[in-house]
Amino acid sequence: MTSAEVTRRRAMGAGLGALAGVLAGCSGDSGPVRRLRLATGPEGGPYNAFGQALAQAVAASGRRIEIVPVSTAASVNNLRKLDEGSVELALAMADVAEDAVLGRESFPRPTPVTALARVYVNYTHLVVPADGPVRSVKDLAGRPVAAGAAGSGVQVVTERVLRAAGLSGAPGPAAAPASPSAPAPPEAADERPLGLAASVSALREGSVDALFWSGGVPTAALAELAGELPLRFLPLDDYVGPLRERYAPVYTAVTLPAGVYGLTEPVETIGVGNYLMARADVPQDAVRDLLRVVFDRWRDLLREVTAGARLEPRFAISTGEVPLHPGAVAHYRSVYG
């Protein structure tokens, strides 16, 4: 055998060895990359920011999953997409998620969706110009209000607060007929279906007298607005009890701390959890891989949406009426016992 043949055979052997390594890497624990579409929210919003950060964190992890964020109108829209199968994952506010599971209000039938984790809490903001006429929720009677984008969780919590205050024109739970001598109910607020950017513009221009928003603290768009004109953030703690009585403990009392948005004192308001959701047919191994990334990188993920938040297992598994995905249950048991 000539030296050239020896060299050629060695090269072929090396090539075959490399090919065998590649084939081995494509089998076993690596396998094909599983692509999961994640319904987030409108571009520029916190759900969209969380989704983009999660996609980047998953890509950097080397795990065999890929997250593809999908821009949407947010919670209600997200859960409908999850139900119809146009996405595999979604972000949604806890109250809307429970509505979906129970077949309540926006959902005409129970929707078979699951939770992977409760990831952070939204703070409900009711924002008005400091020199305007609105000093309380009751003052919104007959006034134009930016009530959140159609299909969003903001719109749901806005509607419920206004309903509890007697200022909603939307149908609610059946009530006893009013007596003929009872005073006329207050005029309903004029609810405008506006997303965050449009709400901020409308308040700045004076075409609405108030805006509702549900998000992390601080929300950048509101912090920027507070730097442009004096604002008042109205307390909503009086409505926590009525909402909990009607919708169970998805609503909690939280506080906008002094210092954010230029606040000189804390403002009590309504908190609502945010869930990372999944279709029940998402494979358990993909769910476990995803949750490992979420818990490894939670500081980076939450930095985009809310300051000072932590993600801990006892918090993450508190998903109320929304069942945990079997893969999530397996993950929490394997890691935390």
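Asp 95, Val 96 and Asp 99 of helix 4 touch Gly 153, Val 156, Val 157 and Arg 160 of helix 5, where contact means heavy atoms within 4.5 Å. Helices here (H or I, at least four residues) and strands (E, at least two) are DSSP runs, numbered from the N terminus. This is a predicted model: local features need pLDDT of at least 70 and side-chain atom pairs count only at pLDDT 80 or more, while totals for chains, interfaces and linings use all residues. Residues are numbered from 1 along each chain as its sequence is written, and side-chain values use heavy atoms, with hydrogens and water left out.

**Helix 4 against helix 5**

- The axes of helix 4 (residues 94-102) and helix 5 (residues 153-164) come within 9 Å and cross at roughly 90 degrees; axes are lines fitted to C-alpha atoms, for helices over the stretch in contact, and angles run from 0 to 180 degrees between N-to-C directions.

**Salt bridges**

- The structure has 17 salt bridges, each being a side-chain nitrogen of Lys or Arg within 4 Å of a carboxyl oxygen of Asp or Glu.
- As background, side chains of opposite charge can pair when their charged atoms come close.
- Arg 63 pairs with Asp 289, with 3.3 Å between the closest N and O atoms. That pair ties together distant parts of the chain, 226 residues apart: Arg 63 is in the loop between helix 2 (46-61) and strand 2 (65-70), and Asp 289 is in helix 9 (residues 284-296).
- Asp 289 counts as buried at 17% relative accessibility, while Arg 63 counts as partly exposed at 31%. The cut-offs are under 20% relative accessible area for buried, over 50% for exposed, and partly exposed in between (1.4 Å probe, protein chains only).
- Asp 289 also has a salt bridge with Arg 292, where the closest N and O atoms are 3.1 Å apart. Both sit in helix 9, 3 residues apart, about one turn of the helix, and Arg 292 is partly exposed at 27% relative accessibility.
- Arg 297 and Asp 300 meet at 2.7 Å, N to O, in another salt bridge. Arg 297 is partly exposed at 30% relative accessibility, and Asp 300 is partly exposed at 25%.

**Burial and overall make-up**

- The protein chain comes to 12 helices and 10 strands.
- Of its 337 residues, 46% are buried.
- Taking contacts between residues at least 6 apart in sequence, 74% join residues at least 24 apart.
- In helix 3 (residues 75-84), the buried residues are Ser 75, Val 76, Asn 78, Leu 79 and Leu 82. Seen down the helix 3 axis they fall within an arc of 160 degrees, so they line one face of the helix; the arc is that of the directions from the helix axis to the C-beta atoms.
- Asn 48 lies in helix 2 and is buried, with a relative accessible area of 8%. Leaving aside neighbours within four places in sequence, Asn 48 is in contact with Thr 40, Gly 41, Pro 42, Glu 43 and Ser 71.

- For reference, most residues other than glycine have a negative phi, and most peptide bonds are trans.
- Val 217 and Pro 218 are joined by a cis peptide bond, with omega about -5 degrees. Pro 218 is in the loop between strand 7 (210-215) and helix 7 (220-226).
- Glu 105 isn't a glycine, yet its phi is positive at about 55 degrees. Glu 105 lies in the loop between helix 4 and strand 4 (113-129) and is partly exposed at 40% relative accessibility.
- Ala 248, likewise not a glycine, has a positive phi near 70 degrees. Ala 248 sits in the loop between helix 8 (240-247) and strand 9 (251-256), partly exposed with a relative accessible area of 33%.
- Gly 85, which follows helix 3, has a positive phi near 90 degrees.
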